[in-house]
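Trainee: I would like to take one part of this model and go through it slowly with you. Could you walk me through it once I have it on the screen?

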Amino acid sequence: AGQGSGAFIRNNGYIVTNLHVISGASPSSIKALTYGNEQYSAVVAGYDEKSDIAVLKIDKSTLYLEFGNSNDVKVGTKAIAAGNPAGLSFTITEGIVSALRTADNGLKYIKTDDPINPGNSGGPLINQKAEIIGINNFKYGGFESLGFAIASNEVDSIANTLIGQYEQQLAEQAQQQ
């Protein structure tokens, strides 16, 4: 079974992660394990292949992290990467933002020297105000301290669109019944 990380972004159980974290999993087998060690079945509310963003939903009210404004992120800013590297449960690492980049796909990325390891994908990159400034996405193989996170403004916009479409779909299904 694959493992990755995610972050609660709404109080009603919405989780943002990377699409590659859940790709290949059968929809009925996706589970979310909370920091409190509670496990929940999760449904895929939506995903965007271009950005590698997926939104999951569990049936639980939760504490959540707010998105910060990634346009305010500066090189040299401290950043904390939270996640589940190698299935070792919840861990955090601290580093700095070392660059800001726009990729060929048009998405903005934050380069950080925080260790981003397998299992950290989909987890939040957090600023000193405990806001999500990015979603950890990948690191260059064979290199240390070359991790990249999708900038929070991109993730927030995509997640809001996916959640809106999911809730619209649920409303339409409820009307048909």
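Which residue in β2 does A7 stand opposite?

Mentor: Bearing in mind throughout that this is a predicted model, the residue in β2 that stands opposite A7 is V16. Helix α2, which covers residues 152-176, packs on the sheet and touches β2, β5 and β6 (53-57), and its direction makes about 130 degrees with that of β5. The pairing around A7 is between β1 and strand β2 (residues 14-18), which run together in the antiparallel sense over 2 bridges. These two strands belong to an open sheet of 4 strands, ordered β1-β2-β6-β5 and paired in antiparallel fashion. Because β1 (7-8) and β5 (43-48) each have a single partner strand, they stand at the edges, and one side of each is left without a neighbour in the sheet.

F90, by contrast, is in the loop between β7 (78-83) and β8 (91-102), and with a relative accessible area of 44% it is partly exposed. If its neighbours within four places in sequence are set aside, F90 is in contact with Y35, A82 and G83, while the C-alpha atoms of F90 and T34, which are 56 residues apart along the chain, are separated by 9.1 Å.

Terms used: Residues numbered from 1 in each chain as written. Predicted model: local features only at pLDDT ≥ 70, side-chain atom pairs only at ≥ 80, totals over all residues. Heavy atoms only, no water. Pairing = 2+ DSSP bridges. Contact = heavy atoms within 4.5 Å. Axes fitted to C-alpha atoms, helices over the stretch in contact; angles between N-to-C directions. Buried < 20%, exposed > 50% of the residue type's maximum accessible area, 1.4 Å probe, protein only.
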